[in-house]
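Dear colleague,

I am passing on the structure we spoke about, with the sequence alongside. Please look through it first, and then read the notes that follow.

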Amino acid sequence: MTKIQLVTNTIINQGALPLYYNADETVTLEILRSLYKAGIRAVEYTSRGEAALSNFTKMVEVRNAEMPEMLLGIGTIKNVQQAKEYYMAGADFFISPGFVADVAAFLIPKDVLYSPGCMTPTEIIAAETAGVTFIKLFPGNALGPGFMSAIKDIFPNLKFMPTGGVDTTKESIDSWFKAGVSAVGMGSKLVSKELMLAKDYATIESETKKVLDIIQTLKQIN
């Protein structure tokens, strides 16, 4: 099995990809531990602040020591320089808000999953032509499950994951899976600013478990 296949399968098996950023290293690491305890085995950390690279480097260190099954992805990658920095830091997969051809050309030959954000068929075709196999539908709240339903037959060889606007409710998650996605990305609806500020790691863990349970139930029904 290739590394791209391993990461893809891990994300699809858990059905949800939590994503978050926190400037505080300790908070970042405690959230990672909470997600791991909840059953998460792939997580996206977003490169949205000055502390992101140093925090991510520490996450890799802690993962290697405490949670070897966890795959660490980096999000909000907008150029190849960022991709190179996080590749050197040990990122297992990379996610962008949009398709960046240079990033695809750098990562895919190295057997590293690159999932770019796309919101038009033109962007999806460009990504597929570059070797991308896992598409992030972004922003999910603007596109909606109807968009996924409309395009899925055109792209039978691609996997899709909406990010943005996916709620933690059974109804919201079900509407996306029925439309044909393979997983859902979940940011502030799951790891909210309020929970991070309160350092309420127990609730982050319990809410994540609930989402994973919902997804497993829906997979059995659908």
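Searching the whole structure, which is a predicted model, turns up 10 salt bridges. One of the salt bridges brings together the side chains of Lys 3 and Asp 92, with a nitrogen-to-oxygen distance of 3.1 Å. Because Lys 3 belongs to helix 1 while Asp 92 sits in the loop between helix 4 and strand 4, this pair ties together parts of the chain that are 89 residues apart in sequence.

On the sheet, eight strands form an open arrangement in the order 7-6-5-4-3-2-1-8, and the pairing is parallel. Strand 7 (159-162) and strand 8 (184-186) are found at the edges, and each has a single partner strand, so one side of each is left without a neighbour in the sheet. From one strand to the next, the twist averages 25°. As a detail of this pairing, strand 3 (residues 71-75) and strand 4 (residues 93-96) are joined in the parallel sense over two bridges, and Gly 73 is placed opposite Phe 93 of strand 4. Helix 6 (residues 121-129) lies across strand 5 (113-118), strand 6 (134-137) and strand 7, and its direction makes an angle of about 165° with strand 5.

Turning to the helix packing, I would begin with helix 3 (residues 52-66) and helix 4 (residues 80-89), whose axes come within 9 Å and cross at roughly 25°. Helix 3 and helix 4 are therefore roughly parallel to each other, and their crossing is right-handed. The residues that meet are Ala 52, Leu 53, Phe 56, Thr 57 and Val 60 from helix 3, and Glu 85, Tyr 86 and Ala 89 from helix 4. By class, this contact of helix 3 with helix 4 comprises six nonpolar residues, one polar and one charged.

Helix 10 (residues 201-221) packs with helix 1 (residues 3-14) at an angle of about 90°, the two axes being 9 Å apart, which means that helix 1 is roughly perpendicular to helix 10. Ile 12, Asn 13 and Gln 14 make the contact from helix 1, and Leu 212, Ile 215, Gln 216 and Lys 219 make it from helix 10. These residues divide into three nonpolar, three polar and one charged.

Helix 10 also packs with helix 2 (residues 25-38), where the axes come within 8 Å and cross at roughly 35°, and this crossing too is right-handed. Helix 2 contributes Val 27, Glu 30, Ile 31, Ser 34, Leu 35, Lys 37 and Ala 38 to the contact, while helix 10 contributes Tyr 201, Ile 204, Glu 205, Thr 208, Lys 209 and Leu 212. The contact of helix 2 with helix 10 has seven nonpolar, two polar and four charged residues.

Most residues other than glycine have a negative phi, and most peptide bonds are trans. Thr 76, however, has a positive phi of about 60° although it is not a glycine, and this residue is located in the loop between strand 3 and helix 4. The peptide bond that joins Phe 138 and Pro 139 is cis, with omega at about -5°, and Pro 139 lies in the loop between strand 6 and helix 7 (140-151).

Conventions: Residues are numbered from 1 along each chain as its sequence is written. This is a predicted model: local features need pLDDT of at least 70, side-chain atom pairs count only at pLDDT 80 or more; totals for chains, interfaces and linings use all residues. Side-chain values use heavy atoms; hydrogens and water are left out. Two strands pair if DSSP finds at least two bridges between them. Helices (H or I, at least four residues) and strands (E, at least two) are DSSP runs, numbered from the N terminus. Axes are lines fitted to C-alpha atoms, for helices over the stretch in contact, and angles run from 0 to 180 degrees between N-to-C directions. Contact means heavy atoms within 4.5 Å. Angles under 35 degrees count as roughly parallel, over 145 as roughly antiparallel, 65 to 115 as roughly perpendicular and the rest as oblique. A crossing is left-handed if the near helix is turned anticlockwise from the far one by less than a right angle, and right-handed if clockwise. Ala, Val, Leu, Ile, Met, Phe, Trp, Tyr, Cys and Pro count as nonpolar, Asp, Glu, Lys and Arg as charged, and the others, Gly among them, as polar. A salt bridge is a side-chain nitrogen of Lys or Arg within 4 Å of a carboxyl oxygen of Asp or Glu.
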